Amino acid sequence: DYRAAFAKFTLNQTLSGVALSNITLLAAEMSFSSKEAANELRELIRTSADKLLESASDSLFIPLQNLATITERQLSEASLNLAPLATKKIIEDSPALVQTWEIYGSLEKEEEIIKENNIRHPLFIPAGTSIKYTSN
């Protein structure tokens, strides 16, 4: 039935618009650990907005485009003040704490290393693993 298909399409468009709006609101309040993290979210929002704009009604096109553009600009500006990520290849098995000390000379950013690299077992990072960290 064409009415059911149209209703489903309309509902999908509405939910997509609401989701994009929520993501952009959250993005304005987020803090990022690196330039790459901010840029990754910016690309995700841009890609989502582009897909949504392809089939947006005339009344929603301009507001959605403006929302995506403003958010993209905010994320680009936020990334200007962030340090880029660097990579280090682990030579021998070691805990995240040791790697944090070797990289930063401090233990304060261990949690950042663990999160950024999705380390499942912080007491054991196998040799050969490349870890990302915020360069200073």
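The largest nonpolar core of this predicted model comprises 13 residues. Those with the most contacts inside this core are L20, A27, F32, L41, I45, L64 and L75. Three helices, α1, α2 and α3 (58–80), each give two or more residues to the core. The largest share comes from α2, which supplies six residues. In soluble globular proteins, nonpolar side chains tend to be buried together.

I45, one of the residues with the most contacts inside the core, illustrates how these contacts are made. Leaving out residues up to four places away in sequence, I45 touches L20, I23, T24, A27, T71 and L75. Among these partners, L20, A27 and L75 also belong to the group with the most contacts inside the core.

A pair of aromatic rings is described by the distance of the centres and the angle of the planes. The model contains one aromatic pair under the rule applied here, and this pair is formed by Y104 and Y133. The ring centres are 6.2 Å apart and the planes stand at 90°. The arrangement is edge-to-face, because planes over 60 degrees apart count as such. Y104 belongs to helix α4 (residues 96–104), whereas Y133 belongs to strand β2 (residues 130–134).

Two loop positions complete the picture. S34 is found in the loop between α1 (2–29) and α2 (35–54). Is S34 buried or exposed? With a relative accessible area of 1%, S34 is buried. When residues up to four places away in sequence are not counted, S34 touches L82, A83, L85 and E116.

T129 lies in the loop between α5 (110–116) and β2. Its relative accessibility is 26%, so T129 counts as partly exposed, a class that lies between 20% and 50%. Leaving aside neighbours within four places in sequence, T129 is in contact with K88, K89 and I90. A separation of 9.8 Å is found between the C-alpha atoms of T129 and N117, which are 12 residues apart along the chain.

Methods
Residues are numbered from 1 along each chain as its sequence is written. This is a predicted model: local features need pLDDT of at least 70, side-chain atom pairs count only at pLDDT 80 or more; totals for chains, interfaces and linings use all residues. Side-chain values use heavy atoms; hydrogens and water are left out. Helices (H or I, at least four residues) and strands (E, at least two) are DSSP runs, numbered from the N terminus. Buried means under 20% relative accessible area, exposed over 50%, partly exposed in between (1.4 Å probe, protein chains only). Contact means heavy atoms within 4.5 Å. A nonpolar core is a set of buried Ala, Val, Leu, Ile, Met, Phe, Trp, Tyr and Cys residues joined through side-chain atoms within 4.5 Å. Rings of Phe, Tyr and Trp (its six-membered ring) pair if their centres lie within 6.5 Å; planes under 30 degrees apart count as stacked, over 60 as edge-to-face and the rest as tilted.
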